[in-house]
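The sequence and the structure are shown first, and the description follows.

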Amino acid sequence: MTKILIAEDNAVNRELLRELLEIRGYTVVEACDGEEALRMIEQTRPDLLLLDIGMPLLDGFGVVSKIREDPRLASLPVVAVTAYAMQGDQEKILNSGFNGYLSKPVNARALAEELECLLGERENRDAPPNPSHEGQASGKRRAAGTGE
C-alpha cells in the first residue's frame, strides 16, 4: 500500500489532507514540523511527502534541501502544500527541489491528479518507455489546480 507523509503544523490542515488521502486508500503518517518530518521519513520510508512550507523548527525549504542532499532520499517525490500563492512563489518553490505545488486551501481533485502523476512516475521509473507518454514533461512539474 502506498504511504504518504503529511508534514504540516496546522492540525486542521493535516486532518483534511489525511481524510482526502485515506478515502483514496493511501496509508498516512504525519509530522508537525520540519525536524519531525525528517525523522518520520527515516522511520517510515514514505512513497511521497506532502510538505507545508511555513513550519516551525525547519521550514519546507530546509526540509526539501536536506532530502535532496541525501542520496538515500533524493528521489522521494515532494509536493509543496502552501498558502504561498503570490506571483513568483510557485516558480521559486519548484526551482528549490519540490516536484509539485498545491495551493491552500487544497482542492481534492488537484491533489488526486498530482498524486496520480507523481506516484505513477515513481512506479513506472523502471518500466520500459511508453510511446503514449512521449512528450510529457519530466523533471519539474506544473502546479496542480492552477490551470497552467
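Helices and strands are here DSSP runs, a helix having at least four residues and a strand at least two, and they are numbered from the N terminus. In this predicted model, the elements of the protein chain run β-α-β-α-β-α-β-α-β-α from the N terminus on. Of its 148 residues, 44% count as buried.

Helix α2 comprises residues 34-44, and its buried residues are Gly34, Ala37, Leu38, Met40, Ile41 and Thr44. These residues lie on the same side of α2, because they cover an arc of only 165° around the axis. The following elements are among those that cover them.

| Element | Residues |
|---|---|
| β1 | 3-7 |
| β2 | 27-31 |
| β3 | 48-52 |
| α3 | 60-69 |

The two ends of the helix may be described next. Asp33 caps the N-terminal end of α2, with a side-chain oxygen 3.0 Å from the backbone nitrogen of Glu35. Arg45, which follows α2, has a positive phi, near 50°.

How do α2 and α3 pack, in angle and in distance between their axes? The angle is about 30°, and the axes of α2 and α3 are 9 Å apart. Angles under 35 degrees count as roughly parallel, and α2 and α3 are therefore roughly parallel to each other. The crossing in which α2 passes α3 is right-handed. Where the helices meet, Gly34, Leu38 and Ile41 in α2 contact Val63, Lys66 and Ile67 in α3.

Key
Residues are numbered from 1 along each chain as its sequence is written. This is a predicted model: local features need pLDDT of at least 70, side-chain atom pairs count only at pLDDT 80 or more; totals for chains, interfaces and linings use all residues. Side-chain values use heavy atoms; hydrogens and water are left out. Buried means under 20% relative accessible area, exposed over 50%, partly exposed in between (1.4 Å probe, protein chains only). The arc is that of the directions from the helix axis to the C-beta atoms. Contact means heavy atoms within 4.5 Å. A polar contact is a pair of N or O atoms within 3.5 Å; within protein, one must be able to donate a hydrogen and the other to accept it, and residues adjacent in sequence count only if both atoms are side-chain atoms. Axes are lines fitted to C-alpha atoms, for helices over the stretch in contact, and angles run from 0 to 180 degrees between N-to-C directions. Angles under 35 degrees count as roughly parallel, over 145 as roughly antiparallel, 65 to 115 as roughly perpendicular and the rest as oblique. A crossing is left-handed if the near helix is turned anticlockwise from the far one by less than a right angle, and right-handed if clockwise.
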